[in-house]
Amino acid sequence: IVLQNSAMIIWGRQYITSPPLLPSKPHFIAGAAISDLQIFIVLLAALIMVGLLFLVHRTRLGRAMRATAQNAEVAGLMGVNINTIISITFIVGSALAAVAGLMVSGYYGLAHYYMGFSLGLKAFTAAVLGGIGNLGGAMLGGLLLGIIESLGAGYIGQLTGGFLGSNYQDVFAFFVLILVLVFRPSGLLGERIAERA
């Protein structure tokens, strides 16, 4: 809330537009139209995902992050500086959110001080759908969520004569969140973990 309102004070309430980053000429693949910018965003997201997986699973910092997430007290006894690791994790997460914000504003050609709120909720939904704490699960959850939103807005919108069209695509995302929380709270790739006494 503080960051959103600070952005509103600095840049104002109005939408800020930007010129297109790449030409918008569509390429047709199997009947679907995809632009250069969309290809760039998908490739950049894949590279960032590979980099994040490498950081978490192949570096000392990643080992410390996983140890802290699993049991902070034991990680501290093993020499891990818990506060530093938590701070670095928040910095990495914020940097990834900033890159995502740049990709979204580049895709739509505009930015707004409140634009991250619904995207943050959808990111949380994707993480819950895939399994909290599972990077591959979060990626799978994000892909599934995007497909569910698109199919819901397209096909269900057609069946209802446009009544439940693209204006209601967020409804499908949060309906999926409710279903996952009710029927499989651990997510698709999450594991059920017994509570520690």
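Which side chains meet in a salt bridge, and what is the N to O distance?

Guide: Lys-122 and Glu-149 do, at 3.1 Å, N to O. This is a predicted model, where local features need pLDDT of at least 70, side-chain atom pairs count only at pLDDT 80 or more, and totals for chains, interfaces and linings use all residues. Residues are numbered from 1 along each chain as its sequence is written, and side-chain values use heavy atoms, leaving out hydrogens and water.

A salt bridge needs a side-chain nitrogen of Lys or Arg within 4 Å of a carboxyl oxygen of Asp or Glu. That rule gives a count of one. Lys-122 sits in helix H6 (residues 116-130) and Glu-149 in helix H7 (residues 135-159). The two are 27 residues apart, so the pair links distant parts of the chain. Helices here are DSSP runs (H or I, at least four residues), numbered from the N terminus. Both partners are buried, meaning under 20% relative accessible area (1.4 Å probe, protein chains only).

Now to other helices. H2 (residues 36-58) packs on H3 at about 75 degrees, with axes 5 Å apart. Therefore H2 is roughly perpendicular to H3, a label for angles of 65 to 115 degrees. Leu-55, Val-56 and His-57 of H2 touch Leu-61, Gly-62, Arg-63 and Arg-66 of H3; contact means heavy atoms within 4.5 Å.

H3 (residues 60-70) also packs with H5 (residues 82-108), at about 105 degrees and with axes 10 Å apart. H3 and H5 are therefore roughly perpendicular too. Among the meeting residues are Leu-61 and Met-65 in H3, and Ile-85 and Val-92 in H5. Axes are lines fitted to C-alpha atoms, for helices over the stretch in contact, and angles run from 0 to 180 degrees between N-to-C directions.

Definitions and conventions. Parallel < 35°, antiparallel > 145°, perpendicular 65-115°, else oblique. Buried < 20%, exposed > 50% of the residue type's maximum accessible area, 1.4 Å probe, protein only.
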